[in-house]
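Colleague: I have just opened this model and would like to go through it with you. Please begin with the helices.

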Amino acid sequence: MAQAIAARPAAQKQEAIVSPLAPAAFPDLPVIAGVEFATAEAGIKYKGRTDVMLARLAPGTSIAGVFTRSSTRAASILDCQAKLAGRQDQTQGAAIIVNSGNANAFTGKHGQDAVSRVTGAVAEALRIPAERVFSSSTGVIGEPLPVARITDVIDRTVAALDQGGIAEAARAIMTTDTFAKGASAEIETDKGPIHIAGIAKGSGMIAPDMATMLVYIFTDARIAAEQLQAMLSQEVEDSFNAITVDSDTSTSDAVILAATGRSPAPEIRDADSGLGRKFQAALRGVMLDLAQQVVKDGEGATKFVEIRVTGATSRADAHKVAMAIANSPLVKTAIAGEDANWGRVVMAVGKSGATADRDRLTIRFGDMVLAENGWRAPGYDEAAASAYMKRDHLLLSVDLGLGEASRTVWTCDLTHRYIDINADYRS
């Protein structure tokens, strides 16, 4: 028994595994005028890789953010929220500083002091107000942030700032991620294009509540902070608030959106204008792309799953049902085992708390009807359903048959590798 226990960590500490759902390569993201990036190795937790990211934003930049509603929010989240609650002085430059390997969460006064020291050092190095420096930390909860390791690399990080460094920035913010995540969009106007580029980290502890993971989106659009915030807050609902990996909401979730105003395109003054609608649609696309990449990198994931709920009496009920299915360990393990066990979907609907009627339910896997009218569908084909479950992209649909409301969310399967990753996370 002792030998088996001793051997287990060695079996888990294998070479890095990239998610089978990962894209072929990191996308070629556009340069966003007014944004520069740099990274550094601070040795916070990881050895031989970058773990600090700095983004410098030009004067005139509008900033918006959405953050976790966790009651145990990290110090960096509280600091960002306080700074964005006030009126922004956009005549000043701004910056975002991120570290991986340590969440600086549940660290009391030390955590607050750590944020002040890190943001203060960045402000001094860039000669901008500390109120315009936004920080994020991701990693282990409850460990004091090694501030000196971060502040010691700030000067050389500033010296390395480069407009083309966004890919390296995406890699520096990773924790258990197996691939760097990026997405972009371009909006054409008569005066010139507007560009959007975003990066994200996230793999586990993913069940959003107003935001999720760490996400940084940059655009050269000219738009006031209030308008930018309204768009971000609206679009988070069907993107970052519509994914789940493991039903756990992080202490450190943040989505920050920065608009430098350096595009030659007209200013976006009204979300309902033609340009406003085009920009919001493009922003929505980038956010959804990043959100779905997080699911595809779910810890141990081998299947990307869309859960589509229709026929609910309200959108809230549709959301309850969708998330009950998406978060069910029994549903997720059946998917991992390629078992077309639609009975587990029935169970999840029933436990969701939403209004449901057994005899009005219709359950589909892909385009196959598996159950309807309170019973297994007459044309149910076990072999066809089992064959469908071997795909790496799956669609599970539930029609409640009660109303017009709907909701779509995305999740992944639950494999033994999820246990392996999280059992060894702090070691």
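Colleague: With which handedness does α2 pass α3?

Modeller: The crossing of α2 with α3 is right-handed. A crossing is called right-handed if the near helix is turned clockwise from the far one by less than a right angle, and left-handed if anticlockwise. Please keep in mind that this is a predicted model, in which local features need pLDDT of at least 70 and side-chain atom pairs count only at pLDDT 80 or more, while totals for chains, interfaces and linings use all residues. Residues are numbered from 1 along each chain as its sequence is written, and side-chain values use heavy atoms, with hydrogens and water left out.

Colleague: What counts as a helix or a strand here?

Modeller: Both are DSSP runs numbered from the N terminus: helices are H or I over at least four residues, and strands are E over at least two.

Colleague: At what angle do α2 and α3 cross, and within what distance do the axes come?

Modeller: The two axes cross at roughly 60 degrees and come within 8 Å. That angle makes α2 oblique to α3. Under 35 degrees counts as roughly parallel, over 145 as roughly antiparallel, 65 to 115 as roughly perpendicular and the rest as oblique. The axes are lines fitted to C-alpha atoms, for helices over the stretch in contact, and angles run from 0 to 180 degrees between N-to-C directions.

Colleague: Which residues make that contact?

Modeller: From α2 they are Ala-75, Ser-76, Asp-79 and Lys-83, and from α3 they are Gly-111, Gln-112, Val-115 and Thr-119. Contact means heavy atoms within 4.5 Å. By class, two of these residues are nonpolar, four polar and two charged. Here Ala, Val, Leu, Ile, Met, Phe, Trp, Tyr, Cys and Pro count as nonpolar, Asp, Glu, Lys and Arg as charged, and the others, Gly among them, as polar.

Colleague: Which residues of α2 are buried?

Modeller: Ala-75, Ser-76, Ile-77, Cys-80, Lys-83 and Leu-84 are. Buried means under 20% relative accessible area, exposed over 50% and partly exposed in between, with a 1.4 Å probe and protein chains only. The buried residues of α2 pack against β3, α3, β5 and β9.

Colleague: And how does α3 sit against α4?

Modeller: Helix α4 (residues 147-159) packs with α3 at about 15 degrees, and their axes are 10 Å apart. The two helices are therefore roughly parallel. The crossing of α3 with α4 is right-handed. Among the residues that meet are Ala-114 and Val-118 in α3 and Ile-150 and Ile-154 in α4. The residues of the contact of α3 with α4 divide into ten nonpolar, one polar and two charged.

Colleague: Let us turn to the sheets. In what order do the strands of the four-stranded sheet lie?

Modeller: The order is β1-β2-β4-β5, in an open sheet with mixed pairing. Two strands pair if DSSP finds at least two bridges between them. The edge strands, each pairing on one side only, are β1 (35-40) and β5 (133-140). From one strand to the next, the twist averages 15 degrees.

Colleague: How many bridges join β4 to β5?

Modeller: There are eight, and β4 (residues 94-102) and β5 run parallel. For example, Ala-95 has Val-133 in β5 as its bridge partner. Helix α3 (residues 108-126) packs on this sheet and touches β2 (52-57), β4 and β5, with its direction at about 135 degrees to that of β5.

Colleague: Which strands make up the five-stranded sheet?

Modeller: That open sheet has the order β3-β9-β8-β7-β6, also with mixed pairing. Its edge strands are β3 (62-67) and β6 (181-187). Strand β3 pairs with β9 (residues 254-259) in the antiparallel sense over six bridges, and Phe-67 has Ala-254 in β9 as its bridge partner. Helix α2 (residues 75-85) packs on the sheet, touching β3 and β9.

Colleague: One last topic: where is Glu-41, and how accessible is Glu-41?

Modeller: Glu-41 is in the loop between β1 and β2. Its relative accessibility is 46%, so Glu-41 counts as partly exposed. Leaving aside neighbours within four places in sequence, Glu-41 has contacts including Arg-49, Asp-51 and Arg-156.
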